[in-house]
Structure formats: structure tokens, C-alpha cells
Amino acid sequence: MVTDRKKQTPTYTIKGPKFNGALSLQGAEEPLMAHPPSTGSKFSWNFLVNQSIAVILSSVLLLSVVILGLITRLITYIPRAFSRPPRPRPSWDNPHRWCKEKLTKDPKYYARNCGFDIVEEQVETKDGYFLRMHRIVPLYPDHKLSQIGQGYPILIMHGLFQSSGSFITSEDRSIAFWFAQRGFQVYLGNNRAVFDMGHRHFNRYDPKFWDFDVNDLAMYDFPAMVNYICEQTGYKKIAYIGHSQGNAIAFIALSKWGVPELGEKLSYFCALAPAVFIGPLGRRFPLKYLSKLDWAWWQRVFGVLDFTPLMKFSYDWTPATPYAALGYQMFAYLFEWNDTHWLQRRKPKMFRFTPQPVSSKTMFWWAGMNGFSTRGHIFDPMMTWFDKRCPPISLYGGGSDHLVLPVPVIEHFKNHEPDVRLVREKLEPAAEHCDHYWAADAVEWCFNDILEDIQRTRE
């Protein structure tokens, strides 16, 4: 039951599907993505020793990657600095307005600097996880933007290692604030374990707390958030925008093997950097080598709790500026990101919320043996994935995205999904994996088009 948000933090529990083991493709031998065996919940000396060894090993690997990334970036910095043309400053940019802004882990701080506020709300999934949701509201009720929170609802969902904080650090042109300015009710979702959220029965040091992967996010977290927003707002349908893993969980949930009836509660589904087909990074370091680890070896190296706990420790205790700088260098090296299309002064803020905790099991789903990086796709590309309950879809991909491939997704929908209305497919040649919401020109690249798509599909 939903509680009155004015009285206490609201909670919503969905009655989701029974979910046992791996999702499988009906009519095919190949599983969608198999769960590793359950980790169990035994606190023993053997578990503590194994987990301690895994923490040490994973921390050494993480530090090695950071050092290697820094060295690599330093070696290439000088030639890049001379060969890269000067970056023009956008005419709308006013750096003096933001020069005294702090680096903080508080999302409300960034919202209030832009004339908004964030209401923290809580959702409970059927399997007992508490999820943090952020609702955008006007900072001053009598302000000219007082229509914020009154219009059509939108849920925006983050990718792997990220959180709702990714959508509020581009100042007035942040995707969350941009749509709120236009009267939409904007909800920012977060997966389980993000922002230190817990579980009804398990604490965060219990192996059972971390016993989940992407299938669980699709079958429990995603439906819980959609149902919660429909219940809170009174709308029968909402619009959904998901980036990377945020759209992967929607594709899985809306498929014929998930909870396809959920599609009847979505008027529109926008996939930014659709994480359906792996890009060339799947054949390079480190994914190339991680994919050789089976679940038994994966547990030895990374444990069965959160993936590389040193990341969470660094997030909690490292000063903001070096944390953001190291976070960027690590991801830039691992995923071949560039900051070509970003405003440089925003970069520390953008990486203030990255990385966020994920389970070791979730990373195994993506990168381990027989995972996404080795299989190359989430579903069998030659099969039909969706039925008529699937909402209209827009696909926005980047031509410079080395992590996932947008073109095969577009081709699949055109050739194998007769029941799905493909509203728009747009490939931005210069865009990388996160540029559709972090690029200085993201508004021109896709926000206006997404707004048009939402209005069209509502009709």
C-alpha cells in the first residue's frame, strides 16, 4: 500500500512474477542470461577468509587499472593537447555563475542551485529491497516554475555503476531539470544497493543481500518503480528513459520472457545507448580476460558481496576532487571515453556520483564467462522479443560508442519486431556512451526529439 508522502516516506510493494533461476528463451535451447548459483548466507571463518582474500585481490586489480590508466593517459596527453582544436564555449554557458559551486554527494545541492528541489522517496520491491527514488519539485512553490511536478510523469533510469546523480550535474541543461522545466513530473530511479539503501531482512554485509543480477533488476526493481509512479501520480501510463543498463533491464522486463504486461503501463520507452549488443570493447582488455572466469573463479577474485568494495570505500572517504579525477581517468581508460563533448568544468561533478556499488553477481552477468560480453547480446538476435504490449520505442545511439552497438538494435527492430512501433532511431556520429545526457549539446542532440516523441506517443 502507498502511504501519504506528506506524512512519511512512501513505500510501495508490488506483486511481481514468480522468478526461479535463469530466464530462458522459449522455443530455444539457449538461455537468456543464466544466474550463477545462489551465494547462500553463511557467516563462517571460511567465508570471511575467502571474502577477505577477494577484497585484497580486487583492490589490487582496481589500483593497477587506475595506475595503468593514469600512465596511459599521461603518455598520450601531450600529443592530444597539441593536436586537439580549441574547444569553443557555448553561447549559453555562464561559467561565472557556477565557479563557486561545491563538490558534494548531496543531489539536493545541485538541484537547489538550479531552482529545483529533490524529494527522496522510497520504493520496496517484491523481494524486499528498498529503492531510493528522487522526485523533482520546484524550490519555491510560488515561482514561475511552480507547474513542475504537475504534468505527465517520466521515469529516468541510470546505467551500470551510476545513479540518479548522473542526471542532475549538467546544471540547467541536466536532463532531469530540462524536462521538469517543461512541466513534466520527473522521477529519477535507482537500483538496489545505490545510496546505501537496504533490505527488509538482510543487512549489507549478508551475502544474500548481494545475491542478485541484471535479471532481478528487470523483474523486480523496474516494475516496482513503474507501478509506484502510476500509483502516486494517478496516471495509467508513464514515459520511460533508460541509459545503458537502465534500458537493458527494461528490454528484459518487457520481453516475452519477462513481465510483458508491464508494457501497458508505459506510453513510451526511450533507450539511450541501448545495451543489447556488445561493442568492440568486449574483445579488449579487461573484458576479454574477465570473460574467461567462471563463477567459481569469479568468487575467488571478486567475492560474493559488492563488486570491488574499494570503490565504495573511496566514495565515502576520498576527498571530492581527487575522487572525481580518478573516477574519470579509470572509466576513460577502461571504456575509451573522451571528454571531447563535455564542458570541462562540469567533469568533477559528473563523476561525483560514479562509481556506485553493484553486486559481484551483476558484474559477472555482464562480464563473466558466458556473460553479455562473450555472448555478444542479451537475446537471440534472430528471434522476436516483444509482443503487442510493448510500448513505442525510440533508440538513440552514438557512432563513437565502443561499449555497445546501436546499429544492430535498430536493424533488429526493423526486421524482427513487427508488433513494436519504432518511433525514432537516431545515430549521433560523434556521441560516446554517456554523451546523450552529459554532452554540452545533449539538448540539441536528443532532448528536443525525446520531448517530441513523448508528446506524440501520449496521443
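Colleague: In which helix is I67 found, and what makes that stretch a helix?
Modeller: I67 sits in helix α1, residues 45-83. A helix here is a DSSP run of H or I, at least four residues; a strand is a run of E, at least two; both are numbered from the N terminus. So residues 45-83 carry the name α1.

Colleague: What kind of model is this?
Modeller: It is predicted: local features need pLDDT of at least 70, side-chain atom pairs count only at pLDDT 80 or more, and totals for chains, interfaces and linings use all residues. Numbering starts from 1 along each chain as its sequence is written, and side-chain values use heavy atoms, without hydrogens and water.

Colleague: Why are L63, I67, I71 and I75 called a patch?
Modeller: A patch takes residues with over 30% relative accessible area and no salt bridge; nonpolar side chains (Val, Leu, Ile, Met, Phe, Trp, Tyr) are joined within 5 Å, like charges within 9 Å. A salt bridge means a Lys or Arg side-chain nitrogen within 4 Å of an Asp or Glu carboxyl oxygen. L63, I67, I71 and I75 form such a nonpolar patch on the surface, so the name applies. Together they have about 400 Å² of accessible area (Shrake-Rupley, 1.4 Å probe, only the protein chains shown as cover).

Colleague: How do you know what residues 53-75 are?
Modeller: An unreviewed UniProt entry annotates them "transmembrane region". Such annotations may be inferred rather than shown by experiment; positions follow the numbering used here, and feature names are shortened. In the model the stretch is 100% helix and 0% strand, with end C-alpha atoms 33 Å apart.

Colleague: What makes β5 and β6 partners?
Modeller: Strands pair if DSSP finds at least two bridges between them. β5 (residues 153-157) and β6 (residues 185-188) share 4 bridges, so they pair. They run parallel. L155 stands opposite Y187 in β6.

Colleague: Why are β3 and β10 edge strands?
Modeller: The open, mixed sheet has 8 strands, in the order β3-β4-β6-β5-β7-β8-β9-β10. β3 (116-124) and β10 (422-428) each have a single partner, so one side of each lacks a neighbour in the sheet.

Colleague: How do you know that helix α16 packs on the sheet?
Modeller: Contact means heavy atoms within 4.5 Å. Helix α16 (residues 442-458) touches β5, β7, β8, β9 (393-398) and β10, at about 180 degrees to β10. Angles run from 0 to 180 degrees between N-to-C directions, with axes fitted to C-alpha atoms, for helices over the stretch in contact.
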